[in-house]
Amino acid sequence: MRASSPTHLKSLPSSISSQHQLNSWIMQHPSALEMFDRIIEASGGKQIVMFLDYDGTLSPIVDDPDKAFMSSKMRRTVKKLAKCFPTAIVTGRCIDKLYNFVKLAELYYAGSHGMDIIGPAKGFSRHKRVKQSLLYQPANDYLPMIDEVHKQLLEKTKSTPGVKVENHKFCASVHFRCVDEKKWSELVLQVRSVLKKFPTLKLTQGRKVFEIRPMIEWDKGKALEFLLESLGFGNSNNVFPVYIGDDRTDEDAFKMLRGRGEGFGILVSKFPKDTDASYSLQDPSEVMDFLRRLVEWKQMQPRM
């Protein structure tokens, strides 16, 4: 559990070997900001399509997931981005909660790790949700089961101070960011005791969160493939997908892009991680800088 938790830059060992390891990792996954011109060159004039995680990518990681607000500057940047490129947010959150944070109807949304996908709405409104077109729900039959698991997890973990259980419609999550580390082992047993009753669900772990999902062949990589197909780029050689994310679940998308041989992944992290991403950014502020540069580059194209 500790290994999955984000390490702050200030807590990194200062030994020469650790610094060498960090430098070596950065050489393998250089900053997307520093390599921006090379990235644009690699796109080769193809249609860039943007895929973005939410928590830790567009918003900072916070103790209370209900307060993971994106800044107004980030919202304006993403809105401009969507005017220049097809843009989707792919997240473990349920779409309704995500939309309350983002409030941009011109985006594609893939919630519950891609198990709930909707397309842009007509008649965009910043303040009021406009009905968007449902594209895909591969785990629709699991809805009653997820509801039941959520109820049992709430009951089972209520004795653990700091725990937060969420229902993301097609998956459930148990956040332990605010739980005393001495209680982590006990929490694992509590969660697993509930999951024993539901053999068709699987347990995965992210950044200080357990996630309970249907045991189906579907993840963020599959969602990315589906969205590209929906956009008309399923078998196209004229598309350049870019996926930016910070968590383990984003690795499925990074791996898919490597296998596809088109586009690339960008990992948001301040410290070395095993990843299939090609580039890195340190935090959401750098993500915003990168997105702004993409918008500025695109806006310059007609004048060049």
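Lys 164 and Asp 66 join their side chains in a salt bridge with an N to O distance of 3.0 Å, where a salt bridge is taken as a side-chain nitrogen of Lys or Arg within 4 Å of a carboxyl oxygen of Asp or Glu. Lys 164 belongs to strand E6 (residues 164-167), while Asp 66 sits in the loop between strand E1 (47-52) and helix H3 (72-84), so the pair ties together parts that are 98 residues apart in sequence. Helices (H or I, at least four residues) and strands (E, at least two) are here DSSP runs, numbered from the N terminus. Lys 164 is partly exposed, at a relative accessible area of 26%, and Asp 66 is likewise partly exposed, at 34%; buried stands for under 20% relative accessible area, exposed for over 50%, and partly exposed for what lies in between (1.4 Å probe, protein chains only).

The model is predicted, and local features need pLDDT of at least 70, side-chain atom pairs count only at pLDDT 80 or more, and totals for chains, interfaces and linings use all residues. Residues are numbered from 1 along each chain as its sequence is written, and side-chain values use heavy atoms, with hydrogens and water left out.

The structure holds 12 salt bridges, and another of them is formed by the side chains of Glu 106 and Lys 79, at 2.8 Å from N to O. This pair links distant parts of the chain, with Glu 106 in the loop between helix H4 (95-102) and strand E3 (108-111) and Lys 79 in helix H3, 27 residues apart. Glu 106 is buried, with a relative accessible area of 13%, whereas Lys 79 is partly exposed, at 33%.

In the salt bridge between Arg 207 and Asp 246, the closest N and O atoms are 2.2 Å apart. Here too distant parts of the chain are linked, 39 residues apart: Arg 207 lies in the loop between strand E8 (201-206) and strand E9 (209-214), and Asp 246 in the loop between strand E10 (239-245) and helix H8 (251-260). Both Arg 207 and Asp 246 are buried. Salt bridges also link Asp 53, Lys 220 and Asp 250 in a network.

Helix H8 is also the place of Leu 257, a buried residue with a relative accessible area of 1%. Setting aside neighbours within four places in sequence, Leu 257 is in contact (heavy atoms within 4.5 Å) with Leu 224, Pro 241, Tyr 243, Glu 262, Phe 264 and Gly 265. The C-alpha atoms of Leu 257 and Leu 224 are separated by 9.0 Å, the two residues being 33 residues apart along the chain.
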